[in-house]
Amino acid sequence: MNFEISETTMQVAQVARDFAQQQIKPFVMEWDESQEFPAATIKAMGALGMMGVLVPEQYGGSGLSYFEYKAIIEEISKVDGSIGLSLAAHNSLCTGHIMMFGSEEQKSKYLPRLASAEWIGAWGLTEANTGSDAGNMKCTAVRKGDQWIIEGTKNWITHGRTGDVAVVICRTGEPRSKSNATAFIVEKGTPGFSGGKKENKLGMRASETAEMVFENCVVSDTCRIGEVGDGFRQSLKVLDGGRISIASLALGIARGAYEAALKYSQERHQFDQPISSFQAISFKLADMATEIEAADLLILQACDLKNRGESVTKISAMAKYYASEVSVRVATDAVQIFGGYGYTKDFPVEKFYRDSKLCTIGEGTSEIQKIVIAREVLK
Ligand SMILES: Cc1cc2nc3c(=O)[nH]c(=O)nc-3n(C[C@H](O)[C@H](O)[C@H](O)COP(=O)(O)OP(=O)(O)OC[C@H]3O[C@@H](n4cnc5c(N)ncnc54)[C@H](O)[C@@H]3O)c2cc1C
C-alpha cells in the first residue's frame, strides 16, 4: 500500500475543511440544542460534490475514490459528527445500495438526484426488535402481480422523515431463512409511507434519526433492487463499505477532540505551569495521538482494498471497531483534560464525547464487529 496522500485527496480535504469552518462551525451548538437537521447545509454540500463522492461522473457524481470519501467525512466530523453521520448514511447506504445493486434505469433516475443532494437519501434495515439480528426483520413485502405491498416499521433511520427517497429492506420469505429479504426503493409521497417518531438523542442531534412507517404501501415491481431474496446479502455488502464511513466519522471526532485538548493543555495553567507539563496529561496526549494514527492507517488500508475492488469485510470491520473505540477513549480523555470546563457546553469536547458513542453502535455494534472479525480470522 502506498501511504502518500495524493494531490486530489489534499485538495478535496481542503474544500471540506473550509466548508466545515465557514458553513458548519458557527451553527454547531445551535443545531445540537434544537436538534435541527440542517437540510440546506446538506444541499450546499451537494453542490460541492460531497453527497455523491463515489458516484461515477456519468451519473452526476464526483467519481472520486474511498481516499477522498474518507477525507471528506473526517474533515466534516472534526467539526460536527452529526453532519458527518448524515453524509455517511446518504453516500454509503442509500446512494451506495442503488449504485452497487440498482438497475440501469434505477441508477439513471436516482443517482443524479442523490449525488447533487436535490434528494436526500435514507436506508432502512433496522427495526424495533431487530438491530444486530437484522435477518429476523418483521417488515414484510408481499407480491401481488406487478406490485408489492409493504407493511411494517423501520426504526432508527437516518433521514427517516426528511429523506426524499429510501431503500428499504423487507422480509419476503420465511423468518430466519437465508434468502428471506428483498430491497425496494420507496419515494417520499408514496401512499402508505410516512415518517414516524423522531428520536431524542444523546449525541449526533443534528442528524435526524426517525421511524419510517409503511401501512399498505404499494410499490411497483420496478422499485425492487436486484433479485427477490437478495436483500440481506446486498445489505451486508453495503455495510462493508458503510463501515469505512463510520470509521472515518469516528476518526474525525477523535481528531477534533484531540486537537482541542492539545491546545487547551498548553494554555491552561495550574500550579504555575501549563497542564501539558504534567506527565499524567502528556501521556494521555501521547496515547490519543498514537491511537488516532493507528486508526487512520487501518482506515486507509480498508480504503485501498475497497478502491481495488477486493473484499473488505474483515478490514472494514476492524477499522470501524478500532476507530470507534478510539474515538470514545479520545473524547473521554479530552473531557478529562479540560476538567470542569470540559463538562460544559462552552467548549467543544462535551459534544465530541456525546457524539463519539454512536460510532460504537451504528452500522453494527463493536460486539458485532468482533463477531465479523472472528469469523474471518477463523475461516
Ligand atoms: C443515530 C443512529 C442512526 C442510525 N441510522 C440507521 C440507519 O440509517 N439505518 C438503519 O437501518 N439503522 C440505523 N441505525 C440502527 C443501528 O444500526 C442499530 O442501532 C445497531 O445495529 C444496533 O442495533 P440495536 O440498537 O437494536 O441493538 P441490539 O442489537 O439490541 O444490541 C444490544 C446490545 O447487545 C449486543 N449484542 C447483540 N447481539 C449480540 C451477539 N450476537 N453477540 C454479542 N453481543 C450482541 C450489542 O452489541 C449491543 O451491545 C441507527 C442507529 C442510531 C443510534
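These legends describe close-up views of a predicted model. Residues are numbered from 1 along each chain as its sequence is written, and side-chain values use heavy atoms, leaving out hydrogens and water. In this predicted model, local features need pLDDT of at least 70 and side-chain atom pairs count only at pLDDT 80 or more, while totals for chains, interfaces and linings use all residues.

**View 1. Strand 5 and its two partners.** Strand 5 covers residues 181–187. Helices (H or I, at least four residues) and strands (E, at least two) are DSSP runs, numbered from the N terminus. Six of the seven residues of strand 5 are buried, so the strand is largely enclosed by the rest of the structure. Buried means under 20% relative accessible area, exposed over 50%, and partly exposed in between (1.4 Å probe, protein chains only). Strands pair if DSSP finds at least two bridges between them. Strand 4 (residues 165–171) is joined to strand 5 by seven bridges, and the two run antiparallel. Here I169 stands opposite A183. Strand 8 (residues 224–225) also runs antiparallel to strand 5, with two bridges between them. In that pairing, F184 faces R224 as its opposite residue.

**View 2. The R143–D221 salt bridge.** The side chains of R143 and D221 meet at 3.1 Å, N to O. A salt bridge is a side-chain nitrogen of Lys or Arg within 4 Å of a carboxyl oxygen of Asp or Glu. R143 lies in strand 2 (residues 140–144) and D221 in the loop between strand 7 (209–220) and strand 8, so the pair ties together parts 78 residues apart in sequence. R143 is partly exposed, at 40% relative accessible area. D221 is buried, at 16%. The structure holds 24 salt bridges.

**View 3. The K197–E199 salt bridge.** The closest N and O atoms of K197 and E199 are 3.2 Å apart. K197 is partly exposed, with 48% relative accessibility. E199 counts as buried, at 12%.

View 4. R255 and D296 form a salt bridge through their side chains (2.6 Å, N to O). R255 belongs to helix 7 (residues 231–267) and D296 to helix 8 (residues 279–307), so the pair ties together parts 41 residues apart in sequence. Both R255 and D296 are buried. Salt bridges link K70, E74, R255, E293 and D296 in a network.

**View 5. H90 and its surroundings.** H90 sits in helix 5 (residues 81–101). H90 is buried, with a relative accessible area of 0%. Its side chain reaches the backbone oxygen of L114 at 2.8 Å. Leaving aside neighbours within four places in sequence, the contacts of H90 (heavy atoms within 4.5 Å) are M51, T95, L114, W119, I120, G121 and H159.

View 6. Helix 6 (residues 104–115) has 12 residues and reaches 16 Å from its first C-alpha to its last. That is close to the 16 Å expected at 1.5 Å a residue, the expected span being 1.5 Å times one less than the number of residues. Its buried residues are Q106, K107, Y110, L111, L114 and A115. Seen down the axis of helix 6, they fall within an arc of 120°, so they line one face of the helix. The arc is that of the directions from the helix axis to the C-beta atoms. An α-helix has 3.6 residues a turn, so residues three or four places apart point the same way. Elements covering the buried residues of helix 6 include helix 3 (39–47), helix 5, strand 1 (121–124), strand 4, strand 5 and strand 8. Just after helix 6, A117 takes a positive phi of about 65°.

Definitions and conventions
A polar contact is a pair of N or O atoms within 3.5 Å; within protein, one must be able to donate a hydrogen and the other to accept it, and residues adjacent in sequence count only if both atoms are side-chain atoms.
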